[in-house]
Protein chains: 2
Amino acid sequence: MAQQAVTPQSVDFSKWYNEIVYKADLCDQSPVRGCLIIKPYGYELWEAIKGGLDRRFKATGHQNAYFPLFIPESFLKREAEHVEGFSPELAVVTIAGGKELEEPLVVRPTSETIIMDSFKNWIQSYRDLPLLINQWANVVRWELRTRPFLRTTEFLWQEGHTAHATAEEAEAETMQMLEVYADFAVNDAAIPVIRGRKTDREKFAGAMHTYTIEAMMRDKKALQSGTSHNLGQNFAKAFDIKFLDQNNESQYPWTTSWGLSTRMVGAIVMTHGDDKGLRLPPKVAPIQVVIVPIFKTDDERSVVMETVDRLSKELSNAAIRVHVDRREGQSPGFKFNDWEMRGVPVRMEIGPKDVQNGSAALARRDMPGKEGKQFVPQAGIVAAVQDLLVDIQANLLKQAETLREENIHDVKRYDELKDVIEKGGWARGWWAGTGDDEGRIKEETGATIRCIPFAQPGGKGACLLTGKESAQVVLFAKAY
Amino acid sequence: MAQQAVTPQSVDFSKWYNEIVYKADLCDQSPVRGCLIIKPYGYELWEAIKGGLDRRFKATGHQNAYFPLFIPESFLKREAEHVEGFSPELAVVTIAGGKELEEPLVVRPTSETIIMDSFKNWIQSYRDLPLLINQWANVVRWELRTRPFLRTTEFLWQEGHTAHATAEEAEAETMQMLEVYADFAVNDAAIPVIRGRKTDREKFAGAMHTYTIEAMMRDKKALQSGTSHNLGQNFAKAFDIKFLDQNNESQYPWTTSWGLSTRMVGAIVMTHGDDKGLRLPPKVAPIQVVIVPIFKTDDERSVVMETVDRLSKELSNAAIRVHVDRREGQSPGFKFNDWEMRGVPVRMEIGPKDVQNGSAALARRDMPGKEGKQFVPQAGIVAAVQDLLVDIQANLLKQAETLREENIHDVKRYDELKDVIEKGGWARGWWAGTGDDEGRIKEETGATIRCIPFAQPGGKGACLLTGKESAQVVLFAKAY
């Protein structure tokens with residue numbers, strides 16, 4: 001297990017990312033093109049994400065269910081924009097049980113169509129509404145260029161699908177679920193996000209409109225981290241879903257869908273990681289505290305381990321996720337580097353002197369060197385660690401916020417936008433352009449409109465491209 | 001929502017099952033042949049099963065990971081018995097991203113091959129062993145005859161995959177995981193199971209040997225409820241996995257795999273259900289207590305609901321899964337039937353008289369009529385309900401045990417076996433026959449050897465078919 005240096009972020013961020021996800025043991029390459037193996041450490045991180053979201057979904061009245069992996073090809077074709085958006089990316093089963101299938105089966109790229117087919121049976125009356133369903137599942141999109149967690153052929157996600165009696169309720173649901181995502185991102189993953197609406201050009205295939213949370217990575221590129229779609233009556237009409245309202249009149253319901261995927265793992269890596277490795281927010285970290293015992297002789301070992309085991313138990317009883325590094329044949333220095341690479345928020349060192357003094361050394365992953373190190377009494381270790389975890393969680397969020405604030409620039413003209421994008425940053429400006437204008441800017445600068453932020457300055461201004469008067473600012477950035 | 005009568009178990013058990021899984025809202029039919037939609041109530045039951053197992057897997061040192069859905073066709077072919085066993089059931093992706101694939105991708109029917117390909121990279125030294133991995137996933141086997149939960153084209157399961165330095169450790173792991181399954185079945189699902197070994201004819205394709213837990217359903221047919229395979233060095237050799245042992249010599253590790261699926265939902269239904277619907281063991285029941293408020297006037301409603309809300313909160317605070325049936329326009333009688341159908345262990349009725357008396361009526365799902373009904377003081381309701389849940393859990397297990405004990409018959413000759421199988425029951429007898437003999441008996445009686453039970457009478461006896469002396473008894477039964 002050689003510990004080679006990582007390419008610094010400043011040299012090549014993309015290379016840094018590709019090295020770090022493997023070195024931190026989050027994932028492994030697979031023999032299947034574009035597919036990823038999620039290793040135990042990465043999967044535990046995903047389980048923490050799942051847990052945080054699932055709790056919030058249930059608290060807002062949603063129930064989990066499971067629908068088939070396979071979708072009859074004809075289903076996808078029912079919603080015109082939807083099939084156009086997804087057909088280039090489909091994986092198709094044509095042979096099953098040794099025979100060619102009469103109708104090919106698509107491996108789900110998303111489940112609107114197969115779920116709407118059920119909603120048609122489940123919804124008869126206004127009493128059946130709202131219908132609030134979520135699914136945890138794997139989906140497949142045959143991507144040409146893939147990157148670990150950020151874009152993989154198969155990925156894990158959740159997809160919510162709901163139906164409502166009125167347009168207003170559907171809109172409220174779409175907004176509520178975006179807020180759930182934002183709440184998770186900010187409070188659990190320590191990722192400050194900007195809430196906004198996608199332009200028509202960037203919205204989900206088949207949606208009336210799409211809301212998004214956008215996060216700034218450490219290279220100042222944007223990562224779309226979760227989306228919530230108001231599907232209007234598009235899918236209800238395509239699948240002929242109708243209900244009798246309170247006046248006994250037949251109506252199409254209004255539906256929504258919203259999804260967040262293993263991409264969030266990539267977002268956490270690129271928001272917080274540094275040249276030494278991951279820096280995981282305590283709330284989602286698989287291991288919150290790692291204890292590294294330090295000793296030379298067998299005698300020392302036995303006194304040190306006694307203390308280590310006792311403290312480990314105390315922390316564990318307080319529901320702190322603690323791990324003792326019992327590996328033999330590895331130096332403390334090797335272990336320090338290894339746990340820094342894996343981004344464990346707090347490292348506790350216990351040596352013979354600490355035993356003697358009744359103290360423990362605590363080192364913060366978010367503060368390098370002496371500044372982040374302190375000696376605390378073993379008595380009261382639980383409270384000390386809990387406080388430290390709260391502090392680290394807040395500090396990671398603050399650092400990310402600062403980076404973001406420093407790198408969003410207001411621009412008035414297209415050349416200013418080009419300049420900001422070229423130097424690395426997000427450009428915010430008044431916008432009244434068309435979808436074609438967006439396309440041209442993407443071609444010329446690589447940047448897209450990430451969203452029309454909910455937080456607007458108010459008033460009006462001249463469009464940075466066309467000079468036309470506009471009532472909204474948008475955010476341009478290069479994105480993953 | 002009409003409440004039609006269910007076909008009684010005594011008339012047609014199979015029909016009863018097929019009706020009940022839909023009426024109890026566990027699942028729905030899907031438009032994809034052989035695939036099932038798991039509805040929220042069924043999925044919550046599966047989540048309880050997952051929770052009970054995952055906790056046990058982690059307590060025995062296993063970690064979750066995730067491997068690709070797709071397996072290159074060539075991988076499956078590396079282990080000869082394995083491919084022979086699975087190839088008739090495969091679903092194959094031949095087209096992806098609009099193009100024909102050079103090598104078709106099989107949708108995983110089980111993941112030994114794709115996981116062993118990773119193990120080859122992860123295992124270099126004895127220090128990397130044991131490697132203890134579990135995966136929660138969907139798998140696909142193209143079955144000709146399908147039944148909800150029992151046999152579906154796509155199903156959800158967990159599959160454990162481990163590698164060990166010695167044959168002894170692999171055997172101990174195989175046994176340990178069978179014990180984990182048995183512990184879950186008996187203590188959480190209230191399903192008494194018989195632990196045993198499969199004959200060579202019935203073992204997993206590619207295994208050295210397979211252990212199983214077998215349960216008796218209420219129609220006296222057997223259901224294989226979980227299996228644990230000792231794969232010997234078969235897969236290690238097929239995938240060229242080697243490690244350096246402590247003497248620095250190159251060795252093949254010994255591997256195991258073990259799986260339990262959504263079939264367990266079917267096992268719970270068929271072990272406990274009766275003509276009124278499901279009867280769910282409290283430990284896995286999505287709802288443990290349902291409260292049905294009873295009132296006629298608005299005044300009554302407001303006093304009743306005040307008490308209902310208070311008691312519901314008390315139970316919920318004590319981590320009891322409670323649901324208040326607030327539906328309007330449905331009679332209490334309708335609601336009682338509905339919750340009986342869904343198998344909720346305890347029904348609490350609160351009417352104006354109960355409010356006045358400070359009491360609550362509790363009805364047990366496992367005891368019909370007056371016998372199962374009691375009035376308890378509202379003070380101390382939590383303890384009363386907790387005791388009741390423990391009692392119901394034990395009673396369901398006991399009833400299932402009694403049924404099983406009464407329907408396992410010792411047989412000495414083949415005609416006795418035929419008789420037992422024909423009347424409905426399991427036949428236990430000395431056995432020294434061949435795989436071909438098993439095939440003949442299956443053809444003539446429909447029964448297979450479910451297992452060679454670990455619990456053996458000792459001594460020797462004459463084989464029920466061949467008369468040859470044998471040291472082991474086996475269990476014959478018709479099975480799902």
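In chain B, B:Gln63 stands opposite B:Ile133, a residue of strand S7. Strands here, like helices, are DSSP runs numbered from the N terminus, at least two residues of E for a strand and at least four of H or I for a helix. That pair belongs to the contact between strand S3 (residues 63-64) of chain B and S7(B), which run parallel and are joined by two bridges. Two strands count as paired if DSSP finds at least two bridges between them.

A word on the source: this is a predicted model, where local features need pLDDT of at least 70 and side-chain atom pairs count only at pLDDT 80 or more, while totals for chains, interfaces and linings use all residues. Residues are numbered from 1 along each chain as its sequence is written, with chains lettered from A and ligands numbered from 1 in the order in which they are written.

Back to S7(B), residues 131-140. Seven of its ten residues are buried, so the strand is largely enclosed by the rest of the structure. Buried means 20 or more other C-beta atoms within 10 Å of the residue's own, exposed means 12 or fewer, and partly exposed is in between, with C-beta atoms placed from the backbone. S7(B) also pairs with strand S8 (residues 154-164) of chain B, antiparallel, over ten bridges. There, B:Trp136 stands opposite B:Gln158.

The loop between S7 and S8 of chain B holds B:Arg145. Is B:Arg145 buried or exposed? It has 6 C-beta neighbours inside 10 Å, so it counts as exposed.

Now chain A. Its strands S7 (residues 131-140) and S8 (residues 154-164) pair in the antiparallel sense over ten bridges, with A:Asn138 opposite A:Leu156. Both strands belong to an open sheet of eleven strands with mixed pairing, in the order S3-S7-S8-S14-S11-S10-S9-S22-S25-S21-S20. S3 (63-64) and S20 (408-410) of chain A are at the edges with a single partner strand each, so one side of each has no neighbour in the sheet.

Last, the two chains together. 39 residues of chain A are in contact with 39 residues of chain B, contact meaning C-beta atoms, placed from the backbone, within 7 Å. On the chain A side, strand S5 (residues 91-96) gives the largest share, six residues. S5(A) pairs with strand S5 (residues 91-96) of chain B, antiparallel, over five bridges. In that pairing, A:Ile95 stands opposite B:Val92.

Key:
Contact = placed C-beta atoms within 7 Å.
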